[in-house]
Amino acid sequence: MAALIGTPSSTSLLASRHSSFPISKLASLSFSRNPGQCNWRKFYGGIGIPLRNGRSQLLVSISNVATEIGTAEQVQRLAKESQRPVYPFSAIVGQDEMKLCLLLNVIDPKIGGVMIMGDRGTGKSTAVRSLVDLLPEIKVVAGDPFNSDPEDPELMAMEVRQKVMKGEKVPVVMTKINMVDLPLGATEDRVCGTIDIEKALTEAVKAFEPGLLAKANRGILYVDEVNLLDDHLVDVLLDSAASGWNTVEREGISISHPARFILIGSGNPEEGELRPQLLDRFGMHAQVGTVKDAELRVKIVEERARFDRNPKEFRDSYKAEQEKLQQQLSAARSSLSSVQIDHDLRVKISKVCAELNVDGLRGDIVTNRAAKALAALKGRDKVSAEDIATVIPNCLRHRLRKDPLESIDSGMLVIEKFYEVFS
């Protein structure tokens, strides 16, 4: 008999002569015994596995196991329990600049992401991945691989948009914002998605296998060691970040889908700098340094040791702080649209950008958005000069470099110009 173990992420089949399995659990299995035959059959929506038993062959088809065993709530609970434990965001000691930039991007995704550069071993990847617990829920069309927004046509896939235009009702569910890791060794097909040419030719249908950009739509795309990313993948990211859409062209077939995501990158400047075009796509830039205070270093080591010893107990000890931060972020996202910034402050922001010779207008736009997000995070409905002073170095310093051989300014130049204009 076969013992079946189904999880939302994987389906595995364990064959054993001595194992037993209740008949009630075999609703999703179909068996066929063909003496003397050894033909492989492909099952639609499942996996065909030939198991030899003497001369006969036992063919097992597994389909939709994860959805048929238990309820949807049980499946979600099992998925949550099987996830790798993540270090709590509120437990990260120091690195306030990096944490602030990440939180502001969660409040207002239109800021455009953040580039985190700093020494190795300073918690850059840990901080980014710990955001998962704090990400809010959004409305998506059920069963849509592109996380389509049921209300915004700009964030709908083509099929969903056609249904809405016809007046059809689309099912809507609430789900957490996705965080997608982009590996350095990923192929272009895995990032953009692929078209099944055989199915397109034989059945005359566009069979598209979505890639990482589809999964990251309306979510976060995280690239660790982004300065080591291959140039062809950098070009793909630039194209999608500029247009908000990903287009796949294969053998005369073209498929497009929305790809609006918060781009978060981290890296070590010693391993190489980013191309200026990609650097400009990041809304904010955070610099992370090694902690010098001995007491603080000891605290970081002790906290990490506690987490490694018992991740669940450690996460539980920070549960109240995490929930408080979640509520603060949720309130900030809700009140963001009501936050106002005075016209004279806008003029001064643009004056700082002009006098620093910042190319384009992204610096002005991002500084305005980040200042409003910070005011919302602090629970205010009006932006102050102090809010602008806090965020303007992170919004502008990576846009000042004219020579690729120059290093990115530490922010002192921006602060000096800020006080000169705002005084």
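## The model as a whole

The model is predicted, so local features need pLDDT of at least 70 and side-chain atom pairs count only at pLDDT 80 or more, while totals for chains, interfaces and linings use all residues. Residues are numbered from 1 along each chain as its sequence is written, and side-chain values use heavy atoms, with hydrogens and water left out.

The average pLDDT (the predictor's confidence in each residue, from 0 to 100) is 77, and 78% of the residues score at least 70. Over residues 1-73, pLDDT stays under 50. For that stretch the model has 98 contacts (heavy atoms within 4.5 Å) beyond four places in sequence.

The protein comes to 17 helices and 16 strands; these are DSSP runs, with helices being H or I of at least four residues and strands E of at least two, numbered from the N terminus. Of its 423 residues, 42% count as buried, meaning under 20% relative accessible area, with exposed over 50% and partly exposed in between (1.4 Å probe, protein chains only). Among contacts between residues at least 6 apart in sequence, 70% join residues at least 24 apart.

## Helix α9

Let's look at one helix. Helix α9 covers residues 231-243, and its 13 residues should span 18 Å at 1.5 Å a residue; the expected span is 1.5 Å times one less than the number of residues. The end C-alpha atoms of α9 are 19 Å apart, which agrees.

Leu233, Val234, Val236, Leu237, Leu238 and Ser240 are buried in α9. The buried residues of α9 pack against several elements, including α6 (188-192), β13 (245-250) and α10 (276-281). After α9 comes Gly244, with a positive phi near 80°.

## Where α14 meets α15

Two packed helices are described by the angle between their axes and the distance between the axes. For α14 (residues 343-355) and α15 (residues 362-377), the axes come within 9 Å and cross at roughly 140°. Axes are lines fitted to C-alpha atoms, for helices over the stretch in contact, and angles run from 0 to 180 degrees between N-to-C directions. The two helices α14 and α15 are therefore oblique to each other. Their contact is made by Arg346, Ile349, Ser350 and Cys353 of α14 and Gly363, Asp364, Thr367 and Asn368 of α15.

## A closer look at Thr367

Thr367 lies in helix α15 and is buried, with a relative accessible area of 0%. Beyond its neighbours within four places in sequence, Thr367 is in contact with Ile349, Ile388, Val391, Ile392, Cys395 and Leu396.

Terms used:
Angles under 35 degrees count as roughly parallel, over 145 as roughly antiparallel, 65 to 115 as roughly perpendicular and the rest as oblique.
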